[in-house]
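Dear colleague,

Please find the structure below, handed over for your records. My notes on it follow directly after.

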Amino acid sequence: MKKYVILLAVVFLSACNSKTAKEYSKVTDNPEFIHDAYEKLTDVIIHDIFSPPVSSRIYAYATIAGYEALIPGNSNYQTMAGQLNGLEGFPKPEAGKEYCHSLASVKAIMTIARTLTFTVTKYDDFEKQTYQQFKDAGVPSDVYDRSMEFGEAVAKHVLAYSKKDNYLQTRGLRYSVKSSGDKWVPTPPQYADAMEPYWPTIRTLAIDSAGQFQPAPVIPFSKDPNSAFRKEVKAVYETVNNLTQEQKDIAWFWDDNAFVMNVQGHVMFANKKMTPGGHWMAITRTACQQTNKNIYEAQDAYLRVAISLFDGFIACWHEKYRTEKIRPETVINADVDPKWMPFLQTPPFPEYTSGHSTISAASAEALTACFGDNVAFTDSTEFKYDHGVRKFASFRKAAEESSISRVYGGIHYQSGCDEGNKAGTKLGQFIAAKLKTKK
């Protein structure tokens with residue numbers, strides 16, 4: 001008898017805590033739920049040391065799932081099915097049944113996060129605390145369960161879609177370093193293998209193909225001191241040798257190297273930091289909070305930025321491994337100054353074009369489409385990594401600074417940055433116009 005009394009008491013208390021959708025949505029439709037989910041995903045991406053291209057893939061599928069699980073709660077938004085390459089129709093909510101779509105969205109995001117990252121135990125406390133907030137808000141138990149199941153179903157649909165993007169087929173494939181002397185070779189201090197040489201074969205999401213936004217022809221390698229190439233080399237060498245404090249600050253702020261190897265005598269250790277994609281996802285949160293975007297508008301912004309990042313990396317990597325342009329550090333050490341070092345650590349892939357320039361310009365166009373041009377903002381997202389705080393008059397101005405930072409860092413030529421910026425801008429504008437999120 002005692003057992004039944006306790007059971008009835010639990011049922012009674014649960015019923016008392018339950019609220020109507022209008023009541024609980026005042027709490028559950030808070031965009032901070034998805035802001036926190038993406039930030040937690042970034043934390044684990046940093047911990048697991050995913051490369052910038054792979055990180056962009058994780059963000060893309062997480063945002064697609066989060067978006068599709070959320071939008072059935074707002075008839076003004078429409079699905080990405082049929083808009084993204086090869087993406088077919090999603091599971092639908094059961095007609096006549098109540099859902100908490102913000103809860104479903106968080107569940108979808110975290111399901112993708114748990115599947116595509118490694119250290120999933122880092123999500124445990126976050127998810128437990130987050131889901132408890134929905135219960136505390138008064139989401140009825142049947143609505144809670146139904147919403148969780150829907151979010152997971154949407155995520156599984158996205159995961160099935162992700163398995164057809166050629167990612168798994170490119171794992172373990174190696175790049176053969178050319179011995180011609182004018183092509184990219186591994187650089188100090190890691191002399192790491194080429195990063196993701198087959199990334200151009202990954203299925204794009206919104207653009208037609210990896211080569212759709214091909215930049216201007218690469219400036220050809222030359223040993224002639226009067227050639228355009230040697231002038232580029234000299235410009236990088238002299239810039240790094242005469243950096244102002246402001247230029248150093250800019251280079252350091254936009255470093256975004258996921259795995260910086262430090263060498264002190266015989267000791268080597270690494271620092272983990274955000275990828276450039278993670279940086280722009282964090283800027284998206286800043287912009288949403290600054291402009292008081294609701295949960296649907298915020299999810300829309302994340303989706304657009306993540307898709308631009310994903311396709312931006314594919315397009316950039318297509319050019320990198322098509323031209324295989326040699327890095328400034330290699331040329332300067334061989335022909336100018338064997339002891340010269342760039343201000344930033346050279347990443348392990350060819351130079352042309354600049355990845356930072358491409359994906360920053362693409363992201364800036366995505367954000368400009370969402371928020372408008374000339375939206376001033378303060379970027380403090382890198383503060384916890386000791387990279388400072390910077391202010392920008394617009395997203396495009398931030399992208400321009402990100403681009404030139406690679407010249408200040410000594411890891412890119414000016415042409416690689418300029419052409420990357422141009423290609424990224426065109427790509428970003430194409431995606432911004434193509435994606436129809438609102439009906």
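A salt bridge is taken here as a side-chain nitrogen of Lys or Arg within 4 Å of a carboxyl oxygen of Asp or Glu. Please bear in mind throughout that the model is a predicted one.

Under that rule, Lys-422 and Glu-419 form a salt bridge, with 3.4 Å between their closest N and O atoms. Both belong to helix α15 (residues 414-434), where a spacing of 3 residues separates them by about one helical turn. Elsewhere, salt bridges with shared partners link Glu-32, Asp-36, Glu-39 and Arg-285 into one network. The count by this rule comes to 23 salt bridges.

Two further pairs deserve mention. Glu-94 forms a salt bridge with Lys-97, the closest N and O atoms lying 3.4 Å apart. Glu-94 is partly exposed, with a relative accessible area of 45%, and Lys-97 also counts as partly exposed, at 39%. In the other pair, Arg-114 forms a salt bridge with Asp-124, and the closest N and O atoms are 2.7 Å apart. Because Arg-114 lies in helix α5 and Asp-124 in helix α6 (residues 124-136), this pair ties together parts that are 10 residues apart in sequence. Arg-114 is partly exposed at 30% relative accessibility, and Asp-124 is partly exposed at 36%.

Helix α5 itself covers residues 101-116 and has 16 residues; from its first C-alpha to its last it reaches 22 Å, close to the 22 Å expected at 1.5 Å a residue. Of its 16 residues, 14 are buried, so α5 is largely enclosed by the rest of the structure.

Just after α3, Ile-49 takes a positive phi of about 55°.

Leaving aside neighbours within four places in sequence, Leu-84 is in contact with Ile-64, Tyr-161, Leu-205, Ala-206, Ile-307 and Leu-435.

Finally, the cysteines. The structure holds 0 disulfides. Cys-288 is in no disulfide, and the nearest cysteine sulfur, that of Cys-370, is 7.6 Å away. Seen from Cys-370, the closest cysteine sulfur is that of Cys-288, and the 7.6 Å between them is too far for a bond. Cys-288 is buried, with a relative accessible area of 1%, whereas Cys-370 counts as partly exposed at 24%.

With kind regards

Notes. Residues numbered from 1 in each chain as written. Predicted model: local features only at pLDDT ≥ 70, side-chain atom pairs only at ≥ 80, totals over all residues. Heavy atoms only, no water. Helix = DSSP H or I, 4+ residues; strand = E, 2+ residues; numbered from the N terminus. Expected span 1.5 Å × (residues − 1). Buried < 20%, exposed > 50% of the residue type's maximum accessible area, 1.4 Å probe, protein only. Contact = heavy atoms within 4.5 Å. Disulfide = S-S within 2.5 Å.
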